[in-house]
Structures are given as C-alpha cells and as structure tokens.
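Let's walk through this protein chain together, one question at a time. Take a look at it first.

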Amino acid sequence: MASRSVLVVGAGIAGLTTAYRLSKLGVEVTVLEASEQVGGRMSTDRRDGYLIDRGAQFLSDGYSVICDLISELGLGQHVARARGWTGTVRGGAVRRTNAGYPWTVATSGLLSWRDTFRVARASLSLVRATRHLPLNDYSKWHTLDDADAAEWIAASFGKDALEYVFEPMLEGFYFQAPEQMSRAWPAVVWSFGARRRRATALAGGIGSLPEALAQKVKVCLATPAEAIDTAGLGVSVQTPAGTLQADHLVLATTASVARQLYAPERDVENRLLRTDYSAAMNISFAVPEGVSTAKVPKDLYGLLIPRRERQVIAAVGVESRKCQRYVPQGELLNVMLGGSAATRLMQASEEQVLAEVLPELQCYFPGIDRRIGFAHFSHWPEAEPRSPVGRSRDLREYRQLWHPGMKVILAGDYMSIPCTEGAAESGNWAATALVERAARVGTSQEAA
C-alpha cells in the first residue's frame, strides 16, 4: 500500500496516531485540523510557568498504545508517576485510599469491612472473567455490554460501593453517572486498578505527546473539512483552501462533527455517529503561596467528591503531586465540575461559575479564595463520549464489517474506550485495517 494516499480529518490523538502509523508504513498522509493547534482535548496550556492540562488529566502505565508512542518518540524519560494515594469524601471528611492497598477503603472509613470484603469478592470474579481482554479495545468487551451499570454495581459490589467508589470515579474522570452507561465501561475502568495499573503524567504536559506526533506527519492547521464526496474513485474533501483527494479518508473527530460531514449507508455507522457526549469544565487555580493541607493531606494527588457530598465539584487534582514540573511555585489545583453542573454553567460568566465553585473548594482548601494568583478556564461541551448499552457491540460489528471498499473509516474516542488511550487505539486500529485489509484485497485480485 506504499503508493496509496490517505486524508485524516482531525489532529487529536486519534488522527495523529493514525497518520503516524501510516506514514511509517510509507503511506502518503495529510492531516486536516480545523483549529490552530493540535491535540484537541489532549492539550496543555502554559501560563506564568504553570503547565495546565486543559482536558485529559492523566495517562496510565496500562495504556499500551500511548506507552508505545511515548517510547518511540523519545519521551520515556519524561514520564512521571503520580502518587498512589487519593482521597474520597464521605461524611464531610477526606478518606485516604490507595488502589495498591485495597483494604484502605475500610481502614479509611470509606466503606465498612463487610462492604470491603464484598467488593473484593466481586472484583476477583470480574478479574477472572475478563483477564484475557485488552484494556484499550472496547469492542472486545461486548459480552458485558448487556446491562445497566448502576444496577450491576449495586447488585455485585453493593450500594455503598456504587455511591462512594464507582460513582465518584466515573463522574470525576468521565463526567457521567453510572445510570447513563453500560456495565461494560465501569468493568474496564475497574480492571485498570485490579491489574495494578498506575496513573502517570508527562513532565512537559499531556499535550507534549500530540505535539511530538505532529512533528512527524504533515498537518494542515486552520484547515477544516467542509464537505466529503465519496462518489468518485477515491475520496474528495472540500476545504477553504481547495479540494483534496485521496484513496481513503480517516474521520478522526467527535461523533457530532463526523455526522455533519459523512452520511453512511450502514445502520451500525449511523448508530455510532449518534454517540452523545457529557460536558466538562476544568478550572485551574494557581496558588503561588501554596494550599492548606489541614483537610487534604499532602500525599494525595487527587480528591473525589461523590454526588451525595458535592455541590458542583466532582474532582480536584493537586498538580504538583501529579508532576512537580507542572508547578513553578506554590500549588496548582485543577478543579473539574460534574457533568450536570458543567452543562448548566457552560454559558455562565466566569464570575458566576466562581461564585458556586469557590465556597465548595474552600471546604477542602481553607483560605484559598485569598491566595489565588489566577483562574484558568477550559470549557468542553463535548468532553467524553457516553457508553450506553450497545456501543461495545456496535464497535465489534463495525470492526468486523469494515473493508477497503468503504472509503471512509471512523476513529476517535467514541470508537473505542472513551479516553485518550481509546482514541489512540482507534487510530492504531484504523491504520492497521487500512494497510492489512487493503493488502489482502490486492493479493486476492492478483491471484484472480
């Protein structure tokens, strides 16, 4: 396939991974990006020496595709491991837990010992049933894509585990309630911890990975795709600069952007393109004088606030404890609003948002309102794709049926697990499918 050409729409981690893999195989690739920077929701702002991860907050040493990219691009020495301790609020108090020491959910008072043993039994059962499944390919989890997550968690792990372990994790990291998803997704999330995968960060900010990838491929910034035509021999893409042509197109955008550009004939593609997203708002507070550790101990890198305890804040990241190089002095707090709060406040002024956020933040970091150097806002109307019952099965069907006669191939976070690794995995899969399946077609034609 060395002489063939591919256009990629979207310079997020999915599109850049696709382009990088294809270019290494000798394929002519051009990436079109509507904005003026790469990375999308995997990007980093720099302000007064502070590194601010605007969307995605953490990586994991269980992210196999992203870890491979980091290694190949020479970024391995910049990987930092976050501290193992997190805090979850119960009864107004911060309970210290560590995934490496499962009994801490009981010793901290987050769960009773009885509930802790129940969680351990359910976890062991889940691990035994799914240990053969890859953590980053959501299509492989289709056998669990058959039930509501909240009902399954309550029945298997217990109601307290639902409210004080799963719900704050799912809302704090993915801005979604367990009632809004299939049990397949929390099963994947839980398996990362059960397989002892640790949270990591990049010393140059999470955006340094897509920035490094963009240096290896041809990217046209501020060049949105305005229309796609598949009627000819290949694919034509209309842009403000003119029309581009290629043999295939990888549509590596959010589902909403993809469905504006592409009208597929197959039902499964239409179902996937209708994937809905949760909203998120991140507010980064620079605190040059540092923060109080009276209520949030100094060894916690993150704080989760369950729905039974929160007003608008779902999670707080203490960035120096994720990676010290993010913070030139004092502290940087990354505050993430819950999905419903983010949706409600998306169009509000910064003053209105702060009026709701700061009183709650002061419950955990007393006096912070008098110490803030700046507040940096990141709005994401489409932060994370939802995973209702059926999406994993749809992905399996799509990956089985796609063939080179289908000139457009879909990629992005809604095309795998809904996070940075899933987006990268979908790009990896798209590149592999284009090359390997096109090669099989060429071989069969030569044989005929």
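Predicted model: local features only at pLDDT ≥ 70, side-chain atom pairs only at ≥ 80, totals over all residues.

Q: How many helices and strands does the protein chain have?
A: Both are DSSP runs numbered from the N terminus: helices are H or I with at least four residues, strands are E with at least two. Counted that way, the chain has 15 helices and 20 strands.

Q: Why does the chain count as being as compact as a globular protein of its length?
A: The radius of gyration is taken over C-alpha atoms, and the globule rule is 2.2 Å times the number of residues to the power 0.38. For 448 residues that rule gives 22 Å, and the chain is close to it, so it is as compact as a globular protein of that length, with a radius of gyration of 22 Å.

Q: In what order do β5, β6 and β9 sit in their open sheet?
A: Two strands pair if DSSP finds at least two bridges between them. The edge strands, each pairing on one side only, are β5 (59–60) and β6 (79–81). The pairing is antiparallel, and the order is β5-β9-β6.

Q: Which residue in β9 is the bridge partner of S60?
A: β5 and β9 (residues 199–202) pair in the antiparallel sense over two bridges. The partner of S60 in β9 is A199.

Q: Is F166 buried or exposed?
A: F166 belongs to helix α6 (residues 159–174). Buried means under 20% relative accessible area, exposed over 50%, and partly exposed in between (1.4 Å probe, protein chains only). F166 has 0% relative accessibility, so it counts as buried.

Q: Which residues does E319 touch, leaving out those up to four places away in sequence?
A: E319 is in helix α11 (residues 319–322) and is buried, with a relative accessible area of 2%. Contact means heavy atoms within 4.5 Å. By that rule E319 touches Q57, Y326, V327, E331, L332 and N334.

Conventions. Residues numbered from 1 in each chain as written. Heavy atoms only, no water.
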